[in-house]
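Please look at the sequence and the model below. The text starts at the ligand and then turns to the aromatic rings.

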Amino acid sequence: MDIQRQRKLFDRQASKYEMRVRKRGRDHQWRKRLLLSAKGNILEVSVGAGTNFSYYPQGASITAVDFSPAMLEKAREAALEENIQVEFILGNVEALELPEHSFDTVVSTLSMCAYPNPDHVLRLLSKWCRNDGQILLLEHGLSTNRFLSRLQKAFDPVYKKRIGCHLNRDIMGLIEDAPVIVQREEHAVFGAVHLIWAKPQS
Ligand SMILES: C[S@@+](CC[C@H](N)C(=O)[O-])C[C@H]1O[C@@H](n2cnc3c(N)ncnc32)[C@H](O)[C@@H]1O
């Protein structure tokens, strides 16, 4: 799928994501736990409608990227509601150029499912993070449960076409191959959801 089509798919889902900001489902418990560690100069890639904003510490300096103008509009509203300062960048994370080692915390939640090259994005996250900084990830992927993983594989093509995300990413495999050092990890939903606290490999 070309990037323009994928961007439009996400544009159309912006209102759904805005509702998720308010509807405090199970993902909010994961976000809260993970983002308790966020501090300093924070970069969030593929920010969506700004669901994570309420978990950042007061006074944090936040830079947020997304390629969907409709998502960024919702994220702008969320930032106003939370009364936090965010610098927004409209752009494709895979092609983004940011200063190396310039962020204390780099955050990605539910975005590795979307990129054509998640391995490249993980390398970028490591590059943009300060050597003594942290990379915080909440990602979903292929379950360790055989039955669920079969379903995920079967539904992956249609899900990708309609929603814009893959269901069958090997998230822990990608992280193992990435230039990051995992410091803490938690897994949920039959090994399909991963909370990762990592630092860049220097
Ligand atoms: C599944 S949503 C997750 C949104 C948000 N991170 C969250 O936790 O709710 C994926 C987001 O990634 C964005 N996205 C996907 N591919 C992207 C890319 N290559 N560059 C920038 N944003 C991208 C989409 O527009 C969408 O907002």
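A polar side-chain atom of Thr-109 is 2.6 Å from an oxygen atom of the ligand, a polar contact in the sense of two N or O atoms within 3.5 Å. Of the ligand's 590 Å² when taken alone, the protein buries 99% (Shrake-Rupley accessible area, 1.4 Å probe). The model is predicted: local features need pLDDT of at least 70 and side-chain atom pairs pLDDT 80 or more, while totals for chains, interfaces and linings use all residues. Numbering runs from 1 along each chain as its sequence is written, and side-chain values use heavy atoms, without hydrogens and water.

The side chain of Asp-66 places an N or O atom 2.6 Å from a ligand oxygen. Val-93 uses a backbone N or O atom instead, 2.9 Å from a ligand nitrogen. In total, 19 residues surround the ligand, with Arg-31, Ser-46, Asp-66, Asn-92 and Thr-109 the closest (a heavy atom within 4 Å).

What aromatic pairs does the structure hold? There are three, counting Phe, Tyr and Trp rings (for Trp the six-membered one) with centres within 6.5 Å. Phe-10 and Phe-67 form a tilted pair, 6.2 Å centre to centre with 50 degrees between the planes; under 30 degrees would be stacked and over 60 edge-to-face.

Conventions
Polar contact = N/O pair within 3.5 Å; in protein donor to acceptor, adjacent residues only side chain to side chain.
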